[in-house]
Amino acid sequence: MIPKFSPFSIFLFFLFLISLVSAKVALLGVSPQFYLWEFAIDVKLLLFVLLLFLFIRKYHWNFGINNFGILRWDVGPNIMAFLSPLGILALTIVAGYLLKKTTFAGSDDSVTLLLATLFDVPAAYFFSVAVVLVEELIFRGFMLDFVSRENGIFKSILISLMIWTVANFDKIAQIRSSSLFVISSELLNLISLGLACSAIYCRTKSIWPGYSFRIGLLVFSSAMLASDVSDTSSVFYTETHILSNSGILLSFVTLTFTSCLLIFPKSTKEPTNFR
């Protein structure tokens, strides 16, 4: 007798298959992204969106974008989410400074870069829509809500996190390093990012604050902390990958931030379930 799989299980199978192919392509040195004007377009994400569209049409899944707060922009939560990476990076920098592994490299160029980065925030918000916002819509909006139909919120976060991690193996495959430590560090960074965005979504019931958090991390990380002494474009630089802007310490600080969001929630209301 042929086992019968649920539509969601079949969807996940094809999603993981696309992810594995994308990872294999990345290992061959071929970038899965291309640029249309200034927009980064990820071929893998395009396939995810197409796959999701086909399954929504075939199985009549309720994918109302209103459920995910995409039409609601709350200024306060988005500003707090955008600025949160500053605190996370500051704690990482202070720890590195106390350990004498992080050095202040401030110069006129660094300050100019930081100011220019702040002025580029609107552009970062606008041109990241095609990748970052689509990821938030799929993995926080759709996945987390769908899984929460039959599971509690913490279990739903863990399940959606596993899906997020496997679906982004191509990002790990793009790392040009033979060091298992560096690869493990980047994997932990990917996991902590997924957890943080899930926690923010559960607290705000909107994908926008998670998007703002990721934009803030993108904007501030490279401007504030470099992991290469020859990189003089950052205000600080560190001598070790552990204390870098994608290192283990920053991941643990992000996980602590996530724990605070989940332990001290603003609302007990869970994400809207599919019917």
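Me: How many helices and strands are there in the chain?
Reply: This is a predicted model, and the chain in it has 11 helices and five strands.

Me: And how much of it is buried?
Reply: Of the 275 residues in the chain, 47% are buried. The chain exposes about 14,400 Å², with carbon and sulfur atoms supplying 70% of that area.

Me: What share of the contacts join residues at least 24 apart?
Reply: If you take the contacts between residues at least 6 apart in sequence, 79% of them join residues at least 24 apart.

Me: Where does Ala26 lie, and what else is it in contact with?
Reply: Ala26 belongs to helix α1, which covers residues 7–27. Setting aside neighbours within four places in sequence, Ala26 is in contact with Asp170, Ala173, Gln174 and Arg176. Ala26 counts as buried because its relative accessibility is 1%, and the cut-off for buried is under 20%.

Me: Switching to charges, how many salt bridges does the structure hold?
Reply: The structure holds six salt bridges. Glu135, Glu136, Arg140, Lys171 and Arg214 are linked in a network of such bridges.

Me: Which helices does the Lys171 and Glu135 pair link?
Reply: The side chains of Lys171 and Glu135 meet at 3.0 Å, N to O, and the pair links distant parts of the chain, with Lys171 in helix α8 and Glu135 in helix α6, 36 residues apart.

Me: Are those two buried or partly exposed?
Reply: They fall into separate classes: Lys171 is partly exposed, with a relative accessible area of 31%, whereas Glu135 counts as buried at 0% relative accessibility. Not counting residues up to four places away in sequence, Glu135 touches Leu45, Arg140, Trp164, Asn168, Lys171 and Arg214.

Me: What does Glu136 pair with?
Reply: Glu136 forms a salt bridge with Arg140 at 2.7 Å, N to O, and another with Arg214, where the closest N and O atoms are 3.0 Å apart. Because Glu136 lies in helix α6 and Arg214 in helix α10, the latter pair ties together parts that are 78 residues apart in sequence. Arg140 and Glu136, by contrast, both lie in helix α6, four residues apart, which is about one turn of the helix.

Me: Are Arg140, Glu136 and Arg214 buried or exposed?
Reply: Arg140 is buried, with a relative accessible area of 1%, and Glu136 is buried at 1% as well. Arg214 is also buried, with a relative accessible area of 11%.

Me: Last topic: which residues make the nonpolar surface patch?
Reply: Phe34, Leu36, Val43, Leu46, Leu47, Leu50, Phe53 and Leu54 make a nonpolar surface patch of about 740 Å². The elements giving two or more residues to the patch are β1 (33–36) and α2 (43–59), and α2 has the largest share, six residues.

Me: How exposed is Phe53?
Reply: Phe53, which is placed in helix α2, counts as partly exposed, at 45% relative accessibility.

How values were computed
Residues are numbered from 1 along each chain as its sequence is written. This is a predicted model: local features need pLDDT of at least 70, side-chain atom pairs count only at pLDDT 80 or more; totals for chains, interfaces and linings use all residues. Side-chain values use heavy atoms; hydrogens and water are left out. Patches are made of residues with over 30% relative accessible area and no salt bridge: like charges are joined within 9 Å, nonpolar side chains (Val, Leu, Ile, Met, Phe, Trp, Tyr) within 5 Å. Accessible areas come from the Shrake-Rupley method with a 1.4 Å probe; for residues, only the protein chains shown count as cover. A salt bridge is a side-chain nitrogen of Lys or Arg within 4 Å of a carboxyl oxygen of Asp or Glu. Buried means under 20% relative accessible area, exposed over 50%, partly exposed in between (1.4 Å probe, protein chains only). Contact means heavy atoms within 4.5 Å.
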